[in-house]
Amino acid sequence: MTIVAFLLAFALGALFVRCALPEFETRPRWAGWLLELSLAAGFGMGLTGSLYFVLLWAGLARYELWFELVALAILAVIVYRLRLRRPAVEAPAGPTFSWNWLLLLMLGVCGLLYALSFYEAAANNPQGEWDAWAIWNLRAKFLAGGEATWRNAISPLLDRTHPEYPLLLSGFIARCWGIAGETTSTAPLAAAWIFPAAACGVLLGGLAILRSVSMGLVAALILLTTGSYTGQSMAQYADVPLSFYLVAALVLLGCAERFPERADFLVAAGAAAGMAAWTKNEGAAFFVLALVGCGLFLGWRTPQWLVAGAAPFLILFAVFKAGLAPRVDTVIARDGGSFVSKLVEPGRYWQVFSAMVVDIWETGFPASHPLLVFLILVIFLRFRTRVELRSIRVVALPALGMMVAYFVALLTTRDDLRWQLDTTSSRLLMQIWPGLILAGLLTLKSIEEHATIAGPARKKARSK
Amino acid sequence: MPDAAPSRASFPVGVVLAAFAAGTIAVFGGLTSYNLTRALNQQTKDPYDIRATAERMAPLLKRVPSNVTLGYISDVRIDTDAGKAVYFAAQYAVAPHLLVDAGASGAYEFALGNFSQGQDYAAVGKAAGLALVENFDHGVILYRKDRR
């Protein structure tokens, strides 16, 4: 039954994406399909996980399946009615890199290696690493117990394991367990595998639409071979689902900039940012940064669409924090004096900065480091012009802003700084890693832009 | 529909090599990562004994009413790293029952004793105001609040 739970979530996600986004008639067509499919997977898990929690709270969780089937029917009707009314987005076709097949083959090899690694990790540690079983899956077990036990997930007596954390991932796993009727490792493992795969799909499909297929393939290759990132997914930590929502929001913001006549992308980006907040607290900081980015670079009226998309999840997040979650000390120092004293201590800046540099260094092995790949691309492809780079500001601001937010959070932590850096900073980096890959590759000229068009095509171009 | 892509496009050798190098480096990274993951997995198989703990606790779970909060006592102090690992592994195994420190909270009827070595379990329970109900072996003891 676990597979039914996942298929139902994907079906809901697919219809939601079809409702929220216009059809992509860009070249290649599969890029649009891949982007939609990947968004559908992540959005489906987010929507059903959130719905399950709301129904638990309302005392209606036993009707979850019925609610989902009704939502499925309503969305299907909306999709049918919207189908003919909404124009598709189009983008002119460019030259095709003739070696894309080789990049695709390499991506296939990397995908296979990742799948094998994941299989081995799952066979050895199906319960995941510490945070998986002590926080996320533990709370899923409480939620899956239904009306009698779900409040255990937010019990102040669980103060050693963050009962104040948002519940998207735990809610989704609990929902799958509820539908399947058993608490096996299958659901958390499948979610842990699908989220990074979907993040990879969003990067590939998104960059193929925003820039070119080859840049999308390179981005997916970099992500799949970042050891820290794939390791986090095998650990079943919530940082990888969060990374999916962040990169999905960034790609959709990029689409909103590329196709400015469409508000649909902003609403969908808002939904992704809202789901990010309901996955982990850091997602709320991302939403604020995305809002600022929209207001500054896409026009002062655009943030309203972002808010509209995020509203259901932000309301859930706010009500949960205000009314349900126990008052637990936040990671950041609360009292003003301590906060300021940490801010003015120069040694802490160096400590945090050096830890973040080490984390970036440790994202890969020296001979196959993602930065090495980026450096090679910078040398041969070169950066886009300053005018062209203006188009990526709405993506770059939230992505780089998150790095600043992490820096400040670590700098002002109420816990021992060394311990915090050792246990947290690499995970934080991985949350925004796909977003950084996206922003980094958007700054470069694409491989296809270096093409020299020969023969009839050039004649045709000249005659125009 | 956009126009079809131009059929013939040539690319500078440097650009083709850059793409090839990026892909090769990534594949090499993927291979290295796979080998490392494999070695790590062989070294750290279930490091916190989650599966073993679940098996140890299973008989006890059949004896306690469903969904009640359970007290928790152990000979491994919960404020140590080892104690936290043992406590959370037990908590994960008995969830959706909530485990609360038997000394700190009184909101439970039954308590789980989780011991790393054999001892006089009845005496340990008595000292915490608990009466031994059943010994499930492997250091798993069911207690009940001592009303006397």
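Residues are numbered from 1 along each chain as its sequence is written, and chains are lettered from A in the order in which they are written. Because the model is predicted, local features need pLDDT of at least 70 and side-chain atom pairs count only at pLDDT 80 or more, whereas totals for chains, interfaces and linings use all residues.

**Exercise 1.** State how many residues the largest nonpolar core has, and which element gives the largest share.

Solution. Begin with the terms: a nonpolar core is a set of buried Ala, Val, Leu, Ile, Met, Phe, Trp, Tyr and Cys residues joined through C-beta atoms within 7 Å, where buried means that 20 or more other C-beta atoms, placed from the backbone, lie within 10 Å of the residue's own. The largest such core has 198 residues, and Leu203(A) and Ala249(A) are among those with the most contacts inside it. Its largest share, 16 residues, comes from helix 7 (residues 186-210) of chain A, a helix being a DSSP run of H or I with at least four residues. Domain 1 (10-45) and domain 2 (50-145) of chain B both contribute residues, so the core lies between them; these bounds come from an automatic or database domain assignment.

**Exercise 2.** Describe how strand 5 and strand 6 of chain B are arranged.

Solution. Strands are DSSP runs of E with at least two residues, and two of them pair if DSSP finds at least two bridges between them. Strand 5 (residues 130-135) and strand 6 (residues 140-145) of chain B pair in the antiparallel sense over 5 bridges, with Glu134(B) opposite Leu142(B). The two strands form a hairpin with 4 residues between them, and Asp137(B) in the turn has a positive phi of about 70°.

How values were computed:
Buried ≥ 20, exposed ≤ 12 C-beta atoms within 10 Å, placed from the backbone.
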